[in-house]
Amino acid sequence: MAQEGTARVDSWLWAVRLFKTRSAATAACRAGHVRINGERVKAAQGVRIGDEVRIRIAGFDRIVEVRRLVVKRVGAEIAAECIIDKTPPPPPKSELALLPVRDRGAGRPTKRDRREIEKLRGDRDLGSDLGSDLGSDLGSDLRSDLRSERE
């Protein structure tokens, strides 16, 4: 099955308590959320000591280095010895983009809501600037065409 000195990545992720169940670890591998040394892997891929494993959990990357191979689930203290956590600290909450919270089931935002959201974010809608310029040019062209038809 596996070579000497390797362990299945899904089994290892479960054993070192990065996932609650082995099936959750397998599903993450299938979805492409697990990378070993920068490459996406399948659940049966072997992991070796010294490999860098990146796991995407809840929208954030967790970066760990394999220090020891285990196949059976171990206690939290031993699991901590099996990995070296290289995950950078999360950004402070003040730096995260503040999005207005909408009630569930409220539907699409209205035009007014969307403009308020853009104002909060500091976004500028380039399309509205272009549209207003085009509209004025089109309006003047139409007026001149109508005048020439009347004459």
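Colleague: What makes strands E5 and E6 partners, and do they run parallel or antiparallel?
Modeller: Two strands pair if DSSP finds at least two bridges between them, and E5 (residues 52-57) and E6 (residues 60-66) are joined by six, so they qualify. They run antiparallel. One of the pairings puts valine 53 with valine 64 of E6. Strands here are DSSP runs of at least two residues (E), helices are runs of at least four (H or I), and both are numbered from the N terminus.

Before we go on: this is a predicted model, with residues numbered from 1 along each chain as its sequence is written. Local features need pLDDT of at least 70 and side-chain atom pairs count only at pLDDT 80 or more, while totals for chains, interfaces and linings use all residues, and side-chain values use heavy atoms, with hydrogens and water left out.

Colleague: Which residue in the hairpin of E5 and E6 takes a positive phi?
Modeller: Alanine 58, with phi near 55°; two residues sit between the strands there.

Colleague: How do you know that E6 is also joined to E7?
Modeller: Three bridges link E6 to E7 (residues 83-85), again antiparallel. Valine 64 faces aspartate 85 in E7.

Colleague: Why are E3 and E7 said to stand at the edges?
Modeller: The open sheet has five strands in the order E3-E2-E5-E6-E7, with antiparallel pairing. E3 (39-40) and E7 each have a single partner strand, so one side of each has no neighbour in the sheet. For E3 that partner is E2, through two antiparallel bridges, with isoleucine 36 bridged to glutamate 39 in E3.

Colleague: Why is threonine 26 called buried?
Modeller: Buried means under 20% relative accessible area, exposed over 50%, partly exposed in between (1.4 Å probe, protein chains only). Threonine 26 has 16%, so it counts as buried. This residue lies in helix H2 (residues 22-30).

Colleague: What joins the side chains of threonine 26 and aspartate 10?
Modeller: A polar contact of 2.9 Å. The term covers a pair of N or O atoms within 3.5 Å; within protein, one must be able to donate a hydrogen and the other to accept it, and residues adjacent in sequence count only if both atoms are side-chain atoms. Glutamate 65, in strand E6, has a side-chain polar contact with lysine 86 at 2.5 Å. Leaving aside neighbours within four places in sequence, the contacts of glutamate 65 (heavy atoms within 4.5 Å) include Gly50, Cys82 and Ile84.

Colleague: What makes up the largest nonpolar core?
Modeller: There are 25 residues in it, and among those with the most contacts inside it are Trp12, Leu13, Val34 and Val53. Such a core is a set of buried Ala, Val, Leu, Ile, Met, Phe, Trp, Tyr and Cys residues joined through side-chain atoms within 4.5 Å. H1 (9-15), H2, E2 (34-36), E5, E6 and H3 (76-82) each supply at least two residues of this core, and H1 gives the most, with four.
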